[in-house]
Every structure is written in structure tokens, then in C-alpha cells.
Amino acid sequence: MNIILIGPPGSGKGTQAKILEERHNMKQLSSGDMLRAAVSEGTEIGKKAKSYMEAGELVPDDLVVEIVTDQIEKLGDKGFILDGFPRNVHQAEVLDQMLDQRDRNIDRVLVVEVNDDVLVERIAGRYTCAQCGEGYHDKFKQPEKEGVCDKCGSTEFIRRPDDNPDTVRNRLAVYHEQTKPLVDYYKEQGKVRVIDGEQPIEEVTKALEQAMS
């Protein structure tokens with residue numbers, strides 16, 4: 001099975017992709033990871049992408065799709081999970097064309113939905129140990145001993161500067177603006193299944209697996 005996993009920042013989409021990858025012998029394909037891999041491998045596609053990236057420009061949609069398709073071809077018959085791609089309707093249309101030429105297709109588009117207020121609370125409360133990178137949260141996961149990392153004993157913690165409520169809400173507004181047309185595109189194909197991402201992790205996984213069947 002080939003699926004696209006869509007979800008806003010803080011929805012747990014990355015965690016779920018890893019779980020599905022392990023359970024169903026699928027391959028998670030992240031657009032960012034694929035771009036970096038193509039560049040590091042020095043492939044012809046990677047060289048083209050590198051010139052745009054070094055110039056600080058967005059890699060053109062058609063080139064991104066080409067890189068994604070190249071990675072998909074390497075999988076053979078193995079199913080995949082697209083994470084972070086496609087980002088717009090044009091990318092989706094080009095992807096459909098390239099997959100169709102290879103007798104493949106997208107089977108399901110799984111959309112993980114979480115209320116914006118919940119996402120702001122999730123993201124704005126995150127912080128990590130400055131020493132080992134262990135993740136914590138003001139509400140959901142605090143160190144057993146206040147101010148001391150459970151993993152390495154460090155007392156230094158950091159927060160990402162963009163993990164503040166105003167910035168998070170701006171990021172979510174951009175996500176909704178970009179994603180709605182994409183979801184509508186796949187709804188017309190009857191491939192969209194919406195998942196409640198506010199459930200416990202294991203329940204979200206269960207719902208995703210049911211939507212895949």
C-alpha cells in the first residue's frame with residue numbers, strides 16, 4: 001500500500017509514520033530527507049537540486065517530484081509513506097502522472113487532525129535537554145526531578161525560539177492555507193480518510209491502520 005500522511009506541526013505525524021513503517025514493512029519517504037540524500041549522493045537530480053538550495057531558492061516542484069519518484073523506484077514493490085510531500089496541488093498532479101507511468105498509485109491519503117489550541121499547547125510547551133537532547137514538556141512530560149534531565153543529569157534546558165504561541169499560530173495558518181486545496185484534490189479521488197489526532201498515540205495508530213484497510 002502507498003499512502004500520503006498529512007498533519008499539522010505537533011500532530012504526531014512523524015511518530016505515526018515511524019510506527020506504520022515498522023509494522024507494515026513500508027518505507028517512510030520524507031521530502032527533506034530525500035532532497036538531502038540526492039544531494040549527498042551526487043546524482044544528476046541531486047546536482048540540479050543543489051544549485052537551487054545553495055542559491056537559497058526553492059527547489060522547483062517538478063524536480064522535487066523527480067527526486068521523490070527516483071526514491072520510489074528504488075523500493076521496487078515495497079509500499080511507502082509520503083511525509084511532507086506533496087505540499088501543493090501541482091506537486092500532487094505531477095506525482096500522479098509520474099506514478100501512473102510506472103503503474104503505481106496513491107491508495108490512501110490519511111489526514112491527522114488536531115485542534116489548533118491543542119497544537120499550540122503541545123508545541124509551545126516543548127523543551128529539550130541542552131546536553132543530550134532528551135525531550136520534555138511543561139504539561140505532558142516533566143523530568144522526575146525538577147530541573148534535572150532524567151537521561152543525563154544535566155540541569156541545562158533549551159526551547160526552540162519559534163516554539164512560542166504566536167509563531168505556532170502563524171505556522172498553523174500557513175499549514176491550513178496550503179493543505180486545504182491539497183486535501184480537496186484527493187477527496188475528489190475518494191482517497192482521503194480523516195483521523196482524530198487528539199487521541200492517545202496507540203489509538204491514533206489503530207485508527208490509521210483501520211483507515212488503511
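At which residues does UniProt place the feature "binding site"? The record, an unreviewed entry, puts this feature at Gly 10, Ser 11, Gly 12, Lys 13, Gly 14, Thr 15, Arg 126 and Gln 199, in the numbering used here, with a shortened feature name and with the caution that annotations may be inferred rather than shown by experiment. The model is predicted, so local features need pLDDT of at least 70 and side-chain atom pairs count only at pLDDT 80 or more, while totals for chains, interfaces and linings use all residues. Residues are numbered from 1 along each chain as its sequence is written, and side-chain values use heavy atoms, with hydrogens and water left out.

Thr 15 is found in helix H1, residues 13-24 (helices are DSSP runs of H or I with at least four residues, strands are runs of E with at least two, and both are numbered from the N terminus). Thr 15 counts as partly exposed because its relative accessibility is 42% (buried means under 20% relative accessible area, exposed over 50%, and partly exposed in between, with a 1.4 Å probe and protein chains only).

The buried residues of H1 are Lys 13, Gln 16, Ala 17, Leu 20 and Glu 21. Seen down the axis of H1, these fall within an arc of 140 degrees, so they line one face of the helix (the arc is that of the directions from the helix axis to the C-beta atoms). They pack against strands S1 (3-6), S2 (27-30) and S3 (80-83) and against H8 (contact means heavy atoms within 4.5 Å), whereas Glu 22 and Arg 23, on the other side of H1, are exposed.

Gln 199 lies in the loop between strand S8 (192-196) and helix H8 (201-212), and counts as partly exposed because its relative accessibility is 26%.
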